[in-house]
Amino acid sequence: MVHWSAEEKQLIAGVWAKVSVEECGAEALARLLIVYPWTQRFFDNFGNLSSPTAIVGNPKVRAHGKKVLTSFGEAIKNLDNIKGTFSKLSELHCEKLHVDPENFRLLGDILIIVLATHFTKDFTPACQATWQKLVGLVAHALAHKYH
Amino acid sequence: MLTAEDKKLIQQVWGKMGGAEEEIGADTLWRMFHAYPPTKTYFPHFDLSQGSDQIRGHGKKVVAALGTAIKNLDNLSQALSELSNLHAYNLRVDPPCFALQFLAQCLQVVLAVRLGKEYTPEVHSAVDKFMSAVAAVLAEKYR
């Protein structure tokens, strides 16, 4: 059972309340495709991914980024049962999408950097540490049902 | 591989940090120790409390080494050769492609905090590639 201190819960809730899921989601996914171009392999039907500008402006990337971060929000609503929350999604990513779980870790780290650019000084070391813990748990949960 | 554009972006970003090297180094290390407690195992001889002189001193060293690397982007292997030996034979930080990722992540967060929106996807990509290249050079001599 993962333990969250009151401070950690506050650091998560405080940041999340100010996050635009649409903006941050789009940005995080775009950066994943830009910084780690091999991740584009999962998005062959997304159209133009030929340059950072194309990726950032791509409507499918934006829409999917929003979807992904919305789903991430479920973890925040269920901090005490992240594994259970992502059980079905884990199976999906393994059996249908065939995504290497390493990519969840990459996306998690990118989300942290996106949050840092948005929150700047408010994204304190304590804040970062809590969020690194969270994204690590989400990545772990998404990998949990792999077989 | 670092393109000409990557190198330009890296040098530009580093230029914007002018004068704040010690603070950036200290901030990076503190975040790393805080977010990734296992990294502290390499510093049992340090006072790891926030703002400690040792963290500041070491952070300054790390950032200076990165600065040297940035001045020698066309020949990282040679520029970091001494450090490569040090990490392989003395420090034996384990394994470099793994542990240095934590340092790289925290450095990126520090840069992102300082630059906000200016830490664009292109800059992010260039810095990420640079840190990977540094880690690869430091790992060269491990075995």
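# Briefing on a predicted two-chain model

His93(A) counts as buried, because its relative accessibility is 17% and the cut-off for buried is under 20%. This residue belongs to helix 6 (residues 87-95) of chain A. The model is predicted. Chain A and chain B bury about 1900 Å² between them, and the search over all chains finds 15 salt bridges.

**Surroundings of His93(A)**

- Leaving aside residues up to four places away in sequence, His93(A) touches His98(A), Val99(A), Phe104(A), Leu142(A) and Tyr146(A).

**Interface of chain A and chain B**

- The contact involves 23 residues of chain A and 22 residues of chain B.
- Of the roughly 1900 Å² buried between the two chains, 60% is on carbon and sulfur atoms.
- On the side of chain A that touches chain B, two or more residues come from each of helix 2 (21-35), helix 3 (52-57), helix 7 (102-119) and helix 8 (125-143) of chain A.
- Helix 7 of chain A gives the most to that side, with eight residues.
- Sorted by class, that side of chain A has 13 nonpolar, six polar and four charged residues.

**Nonpolar core**

- In soluble globular proteins, nonpolar side chains tend to be buried together.
- The largest nonpolar core has 95 residues, and those touching the most other members are Phe72(A), Ile82(A), Phe123(A), Trp131(A), Leu134(A) and Phe130(B).
- Helix 6 (residues 96-115) of chain B gives the most to this core, with 12 residues.
- Beyond four places in sequence, Trp131(A) touches Leu11(A), Ile12(A), Val15(A), Trp16(A), Phe72(A), Ile76(A), Ile112(A), Leu115(A) and Phe123(A).

**Salt bridges in chain A**

- Glu8(A) and Lys133(A) form a salt bridge, with 3.2 Å between the closest N and O atoms.
- This pair links distant parts of the chain, since Glu8(A) is in helix 1 (residues 6-17) of chain A and Lys133(A) is in helix 8 of chain A, 125 residues apart.
- Glu8(A) is buried, with a relative accessible area of 17%, whereas Lys133(A) is partly exposed at 28%.
- Lys66(A) forms a salt bridge with Glu22(A), where the closest N and O atoms are 3.9 Å apart.
- Lys66(A) is partly exposed at 38% relative accessibility, and Glu22(A) is partly exposed with a relative accessible area of 41%.

**A salt bridge in chain B**

- Asp74(B) and Lys7(B) meet through their side chains in a salt bridge of 2.4 Å, N to O.
- Asp74(B) lies in the loop between helix 3 and helix 4 (76-79) of chain B, and Lys7(B) in helix 1 (residues 4-16) of chain B, so the pair ties together parts that are 67 residues apart in sequence.
- Asp74(B) counts as exposed at 69% relative accessibility, while Lys7(B) is partly exposed with a relative accessible area of 21%.

**A salt-bridge network**

- Glu102(A), Arg105(A) and Asp109(A) are joined into one network by salt bridges that share partners.

**Position of Ala64(B)**

- Ala64(B) is in helix 3 (residues 53-71) of chain B and is partly exposed, with a relative accessible area of 44%.
- Ala64(B) and Leu107(B) are 43 residues apart in sequence, and their C-alpha atoms are 13 Å apart in space.

Definitions and conventions:
Residues are numbered from 1 along each chain as its sequence is written. Chains are lettered from A and ligands numbered from 1 in the order in which they are written. This is a predicted model: local features need pLDDT of at least 70, side-chain atom pairs count only at pLDDT 80 or more; totals for chains, interfaces and linings use all residues. Side-chain values use heavy atoms; hydrogens and water are left out. Contact means heavy atoms within 4.5 Å. Buried area is the accessible area (1.4 Å probe) that two parts lose on being put together, summed over both. Helices (H or I, at least four residues) and strands (E, at least two) are DSSP runs, numbered from the N terminus. Ala, Val, Leu, Ile, Met, Phe, Trp, Tyr, Cys and Pro count as nonpolar, Asp, Glu, Lys and Arg as charged, and the others, Gly among them, as polar. A nonpolar core is a set of buried Ala, Val, Leu, Ile, Met, Phe, Trp, Tyr and Cys residues joined through side-chain atoms within 4.5 Å. Buried means under 20% relative accessible area, exposed over 50%, partly exposed in between (1.4 Å probe, protein chains only). A salt bridge is a side-chain nitrogen of Lys or Arg within 4 Å of a carboxyl oxygen of Asp or Glu.
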